[in-house]
Structures are given as C-alpha cells and as structure tokens.
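Subject: Structure handover and notes

Dear colleague,

My notes come after it, and I would be glad if you read them alongside the coordinates.

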Amino acid sequence: MSATMIEKIIERNVGKAVKPGDIVTVFADRVMIHDIFIPFVAEKFEEMGFQRLWDPDKVVLIYDHLVPASQVDDTRHFQVGNAFVEKYGLTHVHRSDGICHQLMPEAGYVKPGDVVFGTDSHTTTYGCVGAFSSGIGYTEMASILGTGTMWIRVPETIKVTVTGKMPENVTSKDIILRLIGDLGADGATYKALEFAGDTVEEMSIASRMTMANMAIEAGAKCALFAPDEKTAAYCETELTKEQKALAADRDASYVREITYRAEDLVPVLACPSQVDNIKPVKELKGLPIDQVFIGSCTNGRLEDLMAAAEILKGKKVAPFVKLIVTPASRKVYQEAAENGTLSILAEAGAIITHPGCGLCCGRTGGILTDGERVVATNNRNFLGRMGTSRVEIFLASPRTAAASAVAGQIAEAGF
Amino acid sequence: MEKFTGTVWVLGDDIDTDIIIPTEYLALKTVQDMKPYAFSPLRPELAGKIQEGDILVAGKNFGCGSSREQAPEVIKALGIRCIIARSYARIFFRNAINNGLLLIENDRVQEVVAEGDQITVTVNQAISHNGKDYPIVSLPENLVGIIKAGGLVKAMRKLNGLD
C-alpha cells in the first residue's frame, strides 16, 4: 500500500495501516504546554481525577507569552506552573529561554516521525523536521497528560511542490503567504500539507519552520517536510532506516496537488485583516507605515535577523518608524550577538527586545492605535491582534520588513 | 429528539479566535470575567445583548486562529445554545465538543435568516425557519460519546472511577 507522509507517521505510531477518514488513537511522543494555558491545564487535570502524569519525561512546559510579566495577573500563571512542576515532577521546564515553537525543535524535544501535541495553534511548526505536530485545547491536553493518548482523524493530504531557484528577494515566507492566498484561510482545514521539490530540499530547517508554522493559517492540521541530511544535522542525530522511510511513496494519493515554479514567485504581503488577503509588495509600495516588527515563531531566527541586517547595514530606520526586533530564543539572541547582527540592527536604530511572544499577540510592548500601520514578520493580521481593531497589520518577510523600516513606507528590498 | 428554539445573531466568514476573545483578556481569572469582551474587536455591543438560549449563525471557517479554549467557553458562558456555520476550524471544533458546545454544519440557512429571527433546531435532524426545514447531518459516534458524557472532563472522571 502506498502512503503519504502523515499516513506513514500515524501507521508507525499505531502499528496498523490507516487511510484518510479513519479515527484512531495515537500515542504522544511529546507534548508542550505554554504559560497562558498552564493554569487551565492544571485545573482540568485535577478535575479529571488523575494522580500522576503518564510520563513526565514527555512533557515540556514553556513560559513565553507572558515573559516577563506585564500585568500583575500574569505572575499567577508562573506560580501555578511552578506548583504543577513541583507536584508532578516535570523536568523539561523553560522559564525565559524563548518562544515555545523555536525551543521544541532547537532543544531537541522533537524528532522525525514523532507525534507531538501542543496547547498552541502554531504547533504545526515541528513538521519542519518531519514530525506530526498539531495544536489542541487545554482540556484535551489535560486528558493526554493522564493517558498519553489522543483520538485523531487521519487527514487527507495536499501536496505542494516548489521547484527551481528563488529570486533574491523571495523567501520561504513569501512562498507560504502565496500558498495561503491560493488555498484560502480554510483551504486546508482538517488536512495535512506535504511540501516537496528541489526548492524546499535546498532550504534551511529555519526556512522550513516558517512554512510549517503558518500552515495553520490555511486551517491545516499539520505540515510536513521529509527528513533529510539537513534534518539529521539540525537534530544532531543520524536518521534511522525508519525515519528515512517516512518520505511519501511516489504513488501516494493526494486530495489536491499544487505546484509552483520558484522563478515565478515575488515578495508578497498579507493585507489587513485576513491572512489570505495576499498582494505583491510592488502593488502597495509607498504606503506610509508607523512600525515594523521582526520576530515571532514565524520569522525570529538567526537567518531572519541576518537577512534584515544585510538590508539595514549602514542605513538608518526612518525617523518616525519604530523598528522592533525580537529574537525567537536565547540561543538565537546569543548567536546574533556573537556574529555582529545585533550590533548592525542597533546601529540602524532597532529596538531589540527579549525573546518571547509578547509583540506578536499584542500582549507586551509595541501596541499600536487606530489608523496606525505595521509591517510585521509574524503570522496573524487579525483585527486587534497588535493593538486596537483599527490597526492595519501587513505580514511580510524579514527582507520586506527591513526595507520598509528604512523607507518609512512599504518597500521591496533592493528597489 | 432534543429540540429547542432561539433568537439568531448573524456573523460572517472567518470569525477568528482573536475576535471571539482577544489575547489581552485571556489572563482574566475566569471565563465569566471574559464575557463582556467577547467579539469586542468586531462587535463590541454584542456580548451585552446575547440572551440565554440564543443561536449564532455564521459563514465559513468559524473559530480559525489560535487554540484558545476560552473561545468556545466564552460563547457557551454567554448563553449561546448552539452555533450554525458553513464550516469550522479544526481546533475550535474539537474544543467546542470537549466543552459540550453544540456545533452544526449547514450552508443554507445563512441565505435565509436575518438577525433577530427565531429558528428551531432538532438535534441531528433539521433546522426549521419560517416553516421550512433544512436537514443537518449527525456527528460521528466518538464525538457523540464525549457530548453524551457531558464533555471530556466528565468522560475522564468516569475513566478514573470518580463519577
């Protein structure tokens, strides 16, 4: 029987053949809970009557949305989290190391072929290393903490093939935005995305993360890249025979196939206030802006900061624009400090913040008001996401964001 | 078959979780505290007007966005009896079922109902409006099981021999 990648991962997990539409119970290889939801997970876990975690080694708790606390109530989340850690013997706890979706692959919690659940919709990110990972709510997380299992419906797969060499100003962010525009915000609902083609094979794991991260913006359950040598190097492991065999069979069956020629792609923006409202940067060139944000679990990695620094080197941010840069993790922060990237960004006039989720979800810092416009590298431009509901959020790549910061208006790098 | 009648509130496509309950209110202690802010980015007046037993009718992709379970919880806390939408985002769908909020998929009533209309729902059977019936499909059995238990928490309590 030929199978897609998600079918192979689920089959390996449950030990029997599956087909799309089947409802099966899978075993979690790892789960992630973040600070916003830990109080609710803890409450539901005890209400359900569980006495112990099914496997403390498989549970990761990460404080990122509320770090450092900006409201008095935030501290309660840390207190409840710390008490839960103490009571149930959690050992994988990160209190200020960065954004959960950066840390999970970066700290080695996720391996190719794993089944991972997290209390955050962008949990799809770990498909970058060939893991099936998906977001769930806190009640379901509480039940997994007790049982180690969860029911899922085996999804159909949409195959997305990208071939050829990307133009200089086009990044993996532009590809995923274009795909979301073509699919629509619900175009992949309940489905798996599978990426293939020489363009994605050439991509770094960081670039693949950006694409897997935003798969949820088209409604996808997960997004998968077949593990290869780059995956092995990133995960600091040798791929097992089983992991190598996770790539889809040639004659696997897809519900839809989409192909892009990389040479045809252009830098794009997701315009207010839908993630699928995609337009070429060229069409919006010249629109004045008030703020630029480079960061988040979508685009806050070293290569993103370096792409911005390449454009900002020797230049100044427009005087009326606030450029805010947030490295995705402490490790990214340190690497960007060591290789001089942060210094270039600071010299250009950037405000550099601690790693975390604060700006992306309008929770800490960088709040905007009615009529203001921001170019941001994160993943959502929903109403009220980064301030009032009359803020206009344009989502873009770090290159477009950096070029716009210098111009003081929406701009394409190099033009 | 369970049957109920309610007043309709009409919303559009892609009602996302940041509209349903913005991130800035998620740290409030209880879902009760969050109620006044539900739907505030889109319709700040709505939360104050919804009455116990009302019904939401929406377009496609209802509940898209984050995994915040407060989204279905706050809707339930406002007194909404059920949601009828063309389609749902998958995490919202799971969260709603796990919290015992009834979701109905239907793509015909949107064309005929107006805000303030009365509609009658016969669960797993039909929606009635102005003397006309619109058939609805049944939920898969495993989900009916969770709803029947009264949500996932109660199902797990049963598993642990508590209820």
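Predicted model: local features only at pLDDT ≥ 70, side-chain atom pairs only at ≥ 80, totals over all residues.

Residues are numbered from 1 along each chain as its sequence is written, and chains are lettered from A and ligands numbered from 1 in the order in which they are written.

I begin with the domains. Chain A is divided into domain 1 (5-262) and domain 2 (269-407), with bounds that come from an automatic or database domain assignment. Taken over C-alpha atoms, the centres of domain 1 of chain A and domain 2 of chain A are separated by 24 Å. Their contact takes 29 residues from domain 1 of chain A and 26 residues from domain 2 of chain A, where two residues are in contact if their C-beta atoms, placed from the backbone, lie within 7 Å. On the side of domain 1 of chain A that touches domain 2 of chain A, the elements that give two or more residues are helix H4 (100-106), helix H6 (172-183) and helix H8 (205-214) of chain A; helices (H or I, at least four residues) and strands (E, at least two) are DSSP runs, numbered from the N terminus. H6(A) gives the most to that side, with six residues. The residues of this side of domain 1 divide into eight nonpolar, 14 polar and seven charged, with Ala, Val, Leu, Ile, Met, Phe, Trp, Tyr, Cys and Pro counted as nonpolar, Asp, Glu, Lys and Arg as charged, and the others, Gly among them, as polar.

Turning to the two chains, their contact takes 39 residues from chain A and 34 residues from chain B. Helix H2 (38-47) and helix H5 (138-147) of chain A are the elements that give two or more residues to the side of chain A that touches chain B, and H5(A) gives the most, with five residues. By class, this side of chain A has 13 nonpolar, 15 polar and eleven charged residues.

Helix H13 (residues 302-312) of chain A is mostly covered, since eight of its eleven residues are buried, a residue being buried if 20 or more other C-beta atoms lie within 10 Å of its own, exposed if 12 or fewer, and partly exposed in between. Among the buried residues of H13(A) are A:Leu302, A:Asp304 and A:Leu305. The buried residues of H13(A) pack against elements of chain A including strand S14 (291-294), helix H12 (296-299) and helix H16 (398-407). Just after H13(A), A:Gly314 takes a positive phi of about 75 degrees.

Chain B has seven helices and seven strands, which run from the N terminus as β-α-α-α-β-α-β-α-β-β-β-β-α-α. Its C-alpha trace spans about 45 × 35 × 25 Å along the principal axes, and 45% of the 163 residues of chain B count as buried.

Lastly, A:Arg261 lies in strand S11 (residues 256-261) of chain A and is partly exposed, with 13 other C-beta atoms within 10 Å. Leaving aside its neighbours within four places in sequence, A:Arg261 is in contact with A:Thr163 and A:Gly164.

With best wishes
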